[in-house]
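Please read it alongside the sequence and the structure.

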Amino acid sequence: MVSDDATILKIKHEVLTEVAKLAFAGELDEKKENIPYEMIPGPEAHFRCCIYKEREIIRQRVRLAEGKCPGNRESSNIVQVINSACEECPISSGYVVTDLCQGCLAKSCKQSCNFGAITIGNDRSYIDPEKCKSCGKCAQACSYSAIVKIQRPCMKSCPVSAITMDEHGVCQIDESKCIQCGQCIHNCPFGAIASKTSIVDIINAIREGKKVVAMLAPAGEGQFGENVTMASWRTAMKKLGFADFVEVGLGGDMTAAFEAEEWAESFKEGKKMTTSCCPAFVNYIKKHFPELVGNISTTVSPMCAVSRMLKAKDPETVTVFIGPCIAKKSEAQDKSIEGNADFVLTFGEIRAMMRAKGVELEPEENTSQEASVFGKRFGNGGGVTEAVVECLKESGESTDIKVARCSGIAECKKALMLFKLGKLPEDFIEGMICEGGCVGGPSRHKAAMTAKKDRDKLISQADARGVHENLKNYDMDSFSMHR
């Protein structure tokens with residue numbers, strides 16, 4: 001996982017690893033209360049005001065690791081606020097007067113305020129936060145640029161303004177707006193926002209002897225260096241206790257092939273459509289552009305496609321998706337999509353499980369290939385479009401289509417707004433909420449550009465099989481590719 005603060009990551013990973021160790025040993029219920037004391041022995045605090053606060057935060061992280069909400073409240077939302085960690089955030093969002101204020105005679109800031117929120121002190125102006133409406137007129141009026149808008153990093157990072165503060169200054173997530181993209185998680189300097197995990201459920205399934213299969217996202221290729229291949233992952237996952245391993249780039253081929261059929265039909269009918277593989281993008285449409293829900297492709301995501309394929313062979317199979325995405329957890333939680341992945345793990349969570357068992361991703365020859373290059377590129381921004389266009393070519397369909405390839409919330413919002421107003425010039429929208437596509441996901445192991453060289457090298461070693469050619473190796477009639 002990527003963050004500017006190694007201390008936050010160390011704490012997060014240590015909690016997950018300790019929970020995983022106890023879960024593998026079958027001792028979690030018995031010994032989980034000891035984790036806060038073992039991690040924070042005292043008597044001195046290291047990060048917070050006191051060891052009691054530190055231990056409480058660890059306690060809430062353990063609950064999240066168990067898939068529970070951090071407090072007593074019940075919520076189905078994947079992304080959660082750890083109140084005890086958020087309480088110490090010193091930033092109150094709004095406009096404030098800085099030391100640049102010269103106490104000038106013009107008092108233009110006070111004159112511009114229509115709510116009487118500004119008073120003049122002995123040496124500077126003062127803004128009453130109770131009266132301020134955050135209109136920004138005072139900042140515009142100040143000749144010295146002495147008034148600035150301060151915003152919490154979590155609120156600033158949220159693409160849909162789903163985060164507010166309560167009367168105590170603790171952040172609240174508006175679940176009616178939240179698209180569960182997870183951007184806020186790695187932008188909170190206090191580590192006060194986190195997501196529920198499924199590591200305990202997965203470990204329990206492995207211990208019970210169930211057939212648990214790991215499925216690695218296309219974005220995983222190159223994340224751990226040029227020598228960590230799909231074969232490396234297969235070996236590591238089997239050592240960890242998984243029954244098998246599948247490359248979800250195969251699911252990318254499946255989704256591309258069936259979405260190409262939808263696009264071809266819709267194009268002939270003059271109907272515009274959006275992609276459906278990015279769950280945060282789908283959540284965004286459902287919650288913020290509900291009038292466009294009928295235009296979302298009915299083709300299931302690559303994650304769901306591979307899960308359905310595995311369950312078609314053995315309905316008792318437990319499928320686990322591994323990748324850099326938080327929103328995938330919400331997709332797996334959506335019971336309206338039958339046969340989808342049972343659980344989702346981020347790279348950080350699977351690595352915690354590996355550390356608990358002493359398993360490493362070790363270099364292996366890049367000989368295992370279950371996907372075409374187009375399926376492998378599904379995790380890149382524009383990769384879905386390239387795969388779908390390739391399928392249209394292979395099927396002899398027209399490729400004279402225009403696609404709005406949207407990377408990041410700003411581009412997605414613009415395209416959807418034009419679509420809503422009937423002014424979208426393109427025929428289809430490829431929507432990826434994370435910039436750069438899945439490779440830019442919030443729980444990536446490396447930044448997209450840092451991993452690009454290794455990713456490109458690994459993918460360049462793949463053979464040139466076509467999408468439909470690859471799918472001939474699988475029984476595509478044994479399961480449905482539509483919601």
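Cysteine 178 is buried, with a relative accessible area of 9%, where buried means under 20% relative accessible area, exposed over 50%, and partly exposed in between, for a 1.4 Å probe and protein chains only. This is a predicted model, in which local features need pLDDT of at least 70 and side-chain atom pairs count only at pLDDT 80 or more, while totals for chains, interfaces and linings use all residues. Residues are numbered from 1 along each chain as its sequence is written, and side-chain values use heavy atoms, with hydrogens and water left out.

A search of the whole structure finds zero disulfides, a disulfide being a pair of cysteine sulfur atoms within 2.5 Å. The table sets out two of the cysteines concerned.

| Cysteine | Relative accessible area | Nearest cysteine sulfur and its distance |
|---|---|---|
| Cysteine 178 | 9% | Cysteine 184, 6.6 Å |
| Cysteine 325 | 19% | Cysteine 434, 6.3 Å |

Glutamate 247 lies in strand E10 (residues 244-247); helices (H or I, at least four residues) and strands (E, at least two) are DSSP runs, numbered from the N terminus. Glutamate 247 is buried, with a relative accessible area of 1%, and its side chain makes a polar contact with the side chain of lysine 376 at 2.8 Å. A polar contact is a pair of N or O atoms within 3.5 Å; within protein, one must be able to donate a hydrogen and the other to accept it, and residues adjacent in sequence count only if both atoms are side-chain atoms. Not counting residues up to four places away in sequence, glutamate 247 touches several residues, including Leu216, Met230 and Ala371, contact meaning heavy atoms within 4.5 Å.

In helix H18 (residues 409-420), the buried residues are Cys412, Ala415, Leu416 and Phe419. Seen down the axis of H18, these buried residues fall within an arc of 95 degrees, so they line one face of the helix, the arc being that of the directions from the helix axis to the C-beta atoms. The face turned away from the buried side of H18 carries the exposed residues Ala410 and Lys414. Among the elements covering the buried residues of H18 are helix H12 (279-288) and the strands E11 (273-274), E14 (403-407) and E15 (428-432).

An open sheet of three strands has the order E11-E15-E14, with parallel pairing; two strands pair if DSSP finds at least two bridges between them. Methionine 273 stands opposite phenylalanine 428 in E15.
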